[in-house]
Amino acid sequence: MDAGADDYLVKPFSARELLARVRSNLELARLRQEARDVLREANGLLEQRVAAEVARRTEAEESLRQSQKMEAIGHLTGGVAHDFNNLLTVIGGGVETLQRLLGPLSLGAEENRVNRALTMIGRSTERAATLTHRLLAFARRQTLDPQPVDPNRLVAGTSELLRRTLGEAIALETVLAGGLWRTLVDANQLENALLNLAVNARDAMPDGGRLTVETANAHLDDAYAAQHEDVAAGQYVMIAVSDTGTGMDHDTLRRAFDPFFTTKDVGHGTGLGLSQVYGFIKQSRGHVKLYSEPGQGTVAKLYLPRLLSETPEIETAAGQPRVPEGDGEVILVVEDEAAVREHSVDSLWDLGYRVMAAGDGHAALRLLEREPTIRMLFTDVGLPGGMTGRQLADAARVMRPDLKVLYTTGYARNAIVHGGVLDPGTQLLPKPFSHTALAAKIRAVLDG
């Protein structure tokens with residue numbers, strides 16, 4: 001009896017031999033089936049692992065591409081904002097000068113029209129300055145002044161402003177964690193970030209709803225950090241802003257931080273609100289994460305690094321703007337943009353100072369050598385000729401250790417700013433600056 005190509009019995013054979021051979025073949029068939037089942041299961045697991053690894057790598061590559069895109073756009077927007085800040089300094093300064101000159105006059109109808117036009121230009125200039133500020137925030141080129149902050153106190157202090165922003169149709173709820181850690185952050189910019197998130201939430205709830213601001217201590221572990229670009233594992237303070245609005249689909253959520261991307265109608269938003277939040281949090285060495293589904297609302301979680309030192313929180317006292325004047329002190333203005341230089345010189349003359357001007361660092365040093373009466377150096381950070389404003393100031397203080405120095409710039413430069421934070425002891429007046437801000441800062445540095 002043949003048992004198969006590879007198995008046979010030679011006649012004559014006994015029943016015992018036949019039974020043994022059948023049992024052997026059945027056992028062999030069972031083992032082969034078990035082997036096939038094991039192999040099939042192993043292949044299934046392997047396919048799952050390969051699919052999971054491919055998905056992980058695809059997500060990581062997408063995250064990297066998004067990060068590179070945001071970085072490239074950031075460089076572009078930072079440069080654009082820098083140029084616009086120079087222009088806005090001159091435009092805003094010109095408007096202020098005309099308003100000061102026209103103010104004391106007995107105005108007729110034509111003069112009133114001029115004043116109204118100047119007022120409209122001034123307001124537009126302020127809006128443009130806000131726009132460039134948001135561009136710099138996204139590009140991570142704004143100059144931050146981080147101080148120890150209690151997030152619970154900041155959220156509680158911002159609640160009234162948020163309520164006015166949201167309107168009566170939207171309920172605001174704050175959930176503040178006990179034992180919350182402190183963080184090192186620019187409090188004004190964090191308030192602006194919360195306000196931007198509240199405005200976005202309000203627009204997503206046209207028929208009313210609820211906005212919840214919640215604080216908590218959080219730990220981002222190594223696994224989470226590995227899945228998110230530029231996130232360091234560690235302890236963070238988390239501020240979550242959630243709404244009950246329309247939510248976002250996957251494609252919208254993926255582009256939410258892109259500058260100028262907006263789902264609003266033309267003329268109803270710049271698309272820079274979330275970009276500003278993104279840039280500010282990243283510049284503060286933090287992390288921001290959005291969660292959203294259509295019809296289910298949106299949650300924005302801001303993570304800021306925990307402050308481990310015991311430095312006391314700094315309170316800032318608000319006061320009424322004043323325009324302190326000079327007493328004939330000599331100030332050296334160093335600015336390569338001619339229009340900005342002329343505007344600064346004219347403003348300082350109007351304030352009662354004597355002014356000298358130079359277009360680069362080498363010319364400024366020659367003036368400092370000849371004029372011992374110069375009490376302050378007011379210099380742009382970015383200068384032509386191979387010498388930055390910081391290098392100019394260092395060289396000037398070798399000659400004149402008592403020389404006061406005030407920097408100005410259209411965006412944060414590494415010469416005086418590192419990690420978005422001003423170097424200790426550095427005085428800065430960001431562009432565009434107003435006549436009042438210039439007067440107050442000059443006086444404060446001279447008297448300091």
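Welcome to a predicted model, in which local features need pLDDT of at least 70, side-chain atom pairs count only at pLDDT 80 or more, and totals for chains, interfaces and linings use all residues. Residues are numbered from 1 along each chain as its sequence is written, and side-chain values use heavy atoms, with hydrogens and water left out. Helices (H or I, at least four residues) and strands (E, at least two) are DSSP runs, numbered from the N terminus.

**The cavity**

- A cavity here is a set of points, on a 1 Å grid over the protein atoms alone, where a 1.4 Å probe fits but cannot get out.
- Grid points are joined across faces, edges and corners, and a volume is the space filled by probe spheres set on the points.
- The structure has 1 cavity of 30 Å³ or more, and the volume of the largest cavity is about 40 Å³.
- Lining residues have an atom within 4 Å of a point; for the largest cavity they are Val333, Val334, Glu335, Val340, Ser344, Phe378, Thr379, Asp380, Thr408, Lys431 and Phe433.
- Two or more lining residues come from each of β8 (330–334), α8 (338–350) and β10 (374–380).
- The biggest contribution to this lining is made by β10, with 3 residues.
- By type, the lining of the largest cavity has 5 nonpolar, 3 polar and 3 charged residues. Ala, Val, Leu, Ile, Met, Phe, Trp, Tyr, Cys and Pro count as nonpolar, Asp, Glu, Lys and Arg as charged, and the others, Gly among them, as polar.

- Residues are called buried at under 20% relative accessible area, exposed at over 50%, and partly exposed in between (1.4 Å probe, protein chains only).
- Strand β11 (residues 404–409) is largely enclosed by the rest of the structure, because 5 of its 6 residues are buried.
- Two strands pair if DSSP finds at least two bridges between them.
- Strands β10 and β11 are paired in the parallel sense, with 5 bridges; threonine 379 has tyrosine 407 in β11 as its bridge partner.
- On the way from β10 to β11 the chain passes through helix α10 (residues 389–399), making a right-handed β-α-β crossover. Right-handed means that, with the strands pointing away from the viewer, the path from the first strand over the helix to the second runs clockwise.
- Strand β14 (residues 428–430) runs parallel to β11 and is joined to it by 3 bridges. Here threonine 409 has proline 430 in β14 as its bridge partner.

**Salt bridges**

- A salt bridge is a side-chain nitrogen of Lys or Arg within 4 Å of a carboxyl oxygen of Asp or Glu, and the count comes to 11 salt bridges.
- One of them joins arginine 40 and aspartate 37, with the closest N and O atoms 2.9 Å apart. Both residues lie in helix α1 (residues 15–102), 3 residues apart, about one turn of the helix.
- Arginine 40 is exposed at 52% relative accessibility, while aspartate 37 is partly exposed at 35%.
- Glutamate 329 and arginine 375 form another salt bridge (4.0 Å, N to O). This pair links distant parts of the chain, 46 residues apart: glutamate 329 is in the loop between β7 (297–305) and β8, and arginine 375 is in strand β10.
- Glutamate 329 is buried, at 11% relative accessible area, and arginine 375 is partly exposed at 35%.
- Arginine 443 also forms a salt bridge, with aspartate 447, where the closest N and O atoms are 2.9 Å apart. About one helical turn separates these two residues, because they are 4 residues apart in helix α11 (residues 435–447).
- Arginine 443 is buried at 11% relative accessibility, whereas aspartate 447 is exposed at 54%.
- Glu329, Arg375, Arg443 and Asp447 belong to a network of salt bridges.

**Contacts across the sequence**

- Glutamate 96 sits in helix α1 and is partly exposed, with a relative accessible area of 21%. Its C-alpha atom is 7.9 Å from that of glycine 122, which is 26 residues away along the chain.
- Alanine 440 belongs to helix α11 and is partly exposed at 33% relative accessibility. Alanine 440 and valine 323 are 117 residues apart in sequence, yet their C-alpha atoms are 6.2 Å apart in space.

Notes
1 Å grid on protein atoms, 1.4 Å probe; cavity = no way out; pocket = protein on both sides within 12 Å on 5 of 7 lines; lining within 4 Å.
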